[in-house]
Amino acid sequence: MSQLSALRQYVSKLLLSVAGVLVALLVLEIGFRAAGVSYWNFSKFDQYTGATLRPNAEAWRTEENTVYVRINSDGLRDREHSKEKPPNTLRIAVLGDSFAEAMQVELESAFWRIMERELSECPTMADATVEAINFGVSGYGTAQEIMVLRYRAWDYEPDIVVLSFTALNDVRNNSRELEGDSRRPYFYYNSDGKLELDASFRETQLYRSRNKFWFRSYYWLHDHSRVLQVARNGVVSLRELFRRHQETDGSQVIEAGLLSSVYLEPADPILQEAWRVTEGLLLLMRDEVLAKGAELLIVTTSIGPEVNPDPQVSREIAKRLGVDNLLYSDLRIKRLGEREGIPVLNLTIPFQQYAREHNVYLHGFGDNLGGGHWNEAGHQLVGKLIAQKLCPEFLH
């Protein structure tokens, strides 16, 4: 056989193989679309927070619950809002992570919408309009929430800032050593004992490549290919599982995603510093809110196993940890608020009482009842509890 014939055979086999792969990918693409499988990338790079929501993005979200999610033109998981505050309007800016972003429930079922409607019934609001604006983004820590407040929320002239604080991961999110993520901003105490911004994420290769043609082409392809979305989601999920395995030894994990550090006085110096920075950031947020003539409310979120309708679930976790209860983080933030004049609403105890009195799960959906994020019942209760806190204490 001549070299030319051999080359032709090789090219022919290669083309057949490529065609086979393309056909297989096409079949997968059609199958994923027919089944409604998608993992839309809702995020984009941001110079202040590292990442934020993409304006006008919309797609079905199937994690935990099936919800069609729309992002407004300013990159908020909310309806449209004018930046200029209308006359006789009380505006509330909601900051937080995935609990505030609330992609697990329909927009009208999210706690800030419930809160908005409940506050409209407050006697002092009879002649005013209450408008809540949601700035929550999944994965944010307190450092990113401060940046959102500075560079986005103030544009809307809020009168009240409600910060949703998730002890499960916010303290970790605020520590470069614990988080291990170079794609977000951090704050640290400098040699003068002052909090200083570390925005070195802007110097990473990933961030600097964001406007390059090949990078933008990848994101375009990701938006239009369900196969690529599924593949990327698998890689991200595996990376997250590996990270959780690496950051904990078996003695520190009591439930999937629940770290003992949430419930115990930290002994590790890195975690102690993470708490110190976190508390410093909460004080910094208080000062910046007061300087704008607004008011701050910190709301500490619940974690599923803490508020299970069956009290035996939380008792078993506490027993394994050797503690009397699972309120360490809640009480720590409450004490901070009492010392520093910051109103704090802890959700764990009222959630426990409600769940056990009504025998209802406030976290989770379907086969994952009791875990994950708030479901509709949870959001309903959160909205009412915040309104009950704000009406007599803030709106007088």
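**Entry 1: Glu63 and Arg61**

I looked up Glu63 and found a relative accessibility of 32%, so Glu63 counts as partly exposed. The model I am reading is a predicted one. I then checked what the side chain of Glu63 meets, and found a salt bridge with Arg61. The closest N and O atoms of Glu63 and Arg61 are 2.9 Å apart.

**Entry 2: Lys85 and Asp159**

Next I looked up Lys85, which forms a salt bridge with Asp159, with 2.9 Å between the closest N and O atoms. This pair links distant parts of the chain, 74 residues apart. I placed Lys85 in the loop between S4 and strand S5 (89-95). Asp159 sits in the loop between helix H4 (142-151) and strand S7 (160-165). For Lys85 I noted a relative accessible area of 22%, which makes Lys85 partly exposed. Asp159 has 25% relative accessibility and also counts as partly exposed. I needed the cut-offs here: buried means under 20% and exposed means over 50%, so a value in between is called partly exposed.

**Entry 3: Arg70 and Glu58, and the total**

How many salt bridges does the count come to? I found that the count comes to 22. I picked out the one in which the side chains of Arg70 and Glu58 meet, at 3.6 Å from N to O. I checked both ends for exposure. Arg70 has a relative accessibility of 51% and therefore counts as exposed. Glu58, at 36%, counts as partly exposed. I also noted a network of salt bridges that links Arg79, Glu108, Arg113, Glu116 and Arg117.

**Entry 4: Ser82**

I went to the loop between S4 and S5 again and looked up Ser82, which is found there. The relative accessible area of Ser82 is 40%, so Ser82 is partly exposed. Ser82 and Ile342 are 260 residues apart in sequence, and their C-alpha atoms are 29 Å apart in space.

**Entry 5: the disulfide**

I searched the whole structure for disulfides and found 1. Which residues does the disulfide join? It joins Cys122 to Cys391, with an S to S distance of 2.0 Å. The two cysteines belong to distant parts of the chain, 269 residues apart. Cys122 is in the loop between helix H3 (111-119) and strand S6 (129-134), whereas Cys391 is in helix H14. The torsion about the S-S bond is about 85°, so I wrote the disulfide down as right-handed. Are Cys122 and Cys391 buried or exposed? Both are buried.

**Entry 6: helix H14**

Since Cys391 is in H14, I looked up that helix next. H14 covers residues 376-393, which is 18 residues. From its first C-alpha to its last, H14 reaches 26 Å, close to the 26 Å expected at 1.5 Å a residue. I listed buried residues in H14, among them Gly378, His379, Leu381, Val382 and Cys391. At the N-terminal end, H14 is capped by Asn375. A side-chain oxygen of Asn375 lies 3.1 Å from the backbone nitrogen of Ala377.

**Entry 7: helix H10**

H10 has 23 residues and a reach of 33 Å from first C-alpha to last, close to the expected 33 Å. At the start of H10, a side-chain oxygen of Asp268 comes to within 3.1 Å of the backbone nitrogen of Ile270. Gly293 follows H10 and has a positive phi, near 75°.

Most residues other than glycine have a negative phi. Asn359 lies in the loop between helix H13 (348-358) and H14. With a relative accessible area of 62%, Asn359 is exposed. I noted Asn56 as well, with a positive phi near 65°. Asn56 is in the loop between strand S2 (50-53) and strand S3 (58-61).

**Entry 8: a nonpolar patch**

Last, I looked up Tyr10, which lies in helix H1 (residues 3-34). Tyr10 counts as exposed because its relative accessibility is 54%. Tyr10 is one of the residues of a nonpolar patch on the surface, including Leu4, Leu7, Val11 and Leu28. Together the patch residues have about 1,000 Å² of accessible area.

Methods: Residues are numbered from 1 along each chain as its sequence is written. This is a predicted model: local features need pLDDT of at least 70, side-chain atom pairs count only at pLDDT 80 or more; totals for chains, interfaces and linings use all residues. Side-chain values use heavy atoms; hydrogens and water are left out. Patches are made of residues with over 30% relative accessible area and no salt bridge: like charges are joined within 9 Å, nonpolar side chains (Val, Leu, Ile, Met, Phe, Trp, Tyr) within 5 Å. Accessible areas come from the Shrake-Rupley method with a 1.4 Å probe; for residues, only the protein chains shown count as cover. A salt bridge is a side-chain nitrogen of Lys or Arg within 4 Å of a carboxyl oxygen of Asp or Glu. Helices (H or I, at least four residues) and strands (E, at least two) are DSSP runs, numbered from the N terminus. Buried means under 20% relative accessible area, exposed over 50%, partly exposed in between (1.4 Å probe, protein chains only). The expected span of a helix is 1.5 Å times one less than its number of residues. A polar contact is a pair of N or O atoms within 3.5 Å; within protein, one must be able to donate a hydrogen and the other to accept it, and residues adjacent in sequence count only if both atoms are side-chain atoms. A disulfide is a pair of cysteine sulfur atoms within 2.5 Å.
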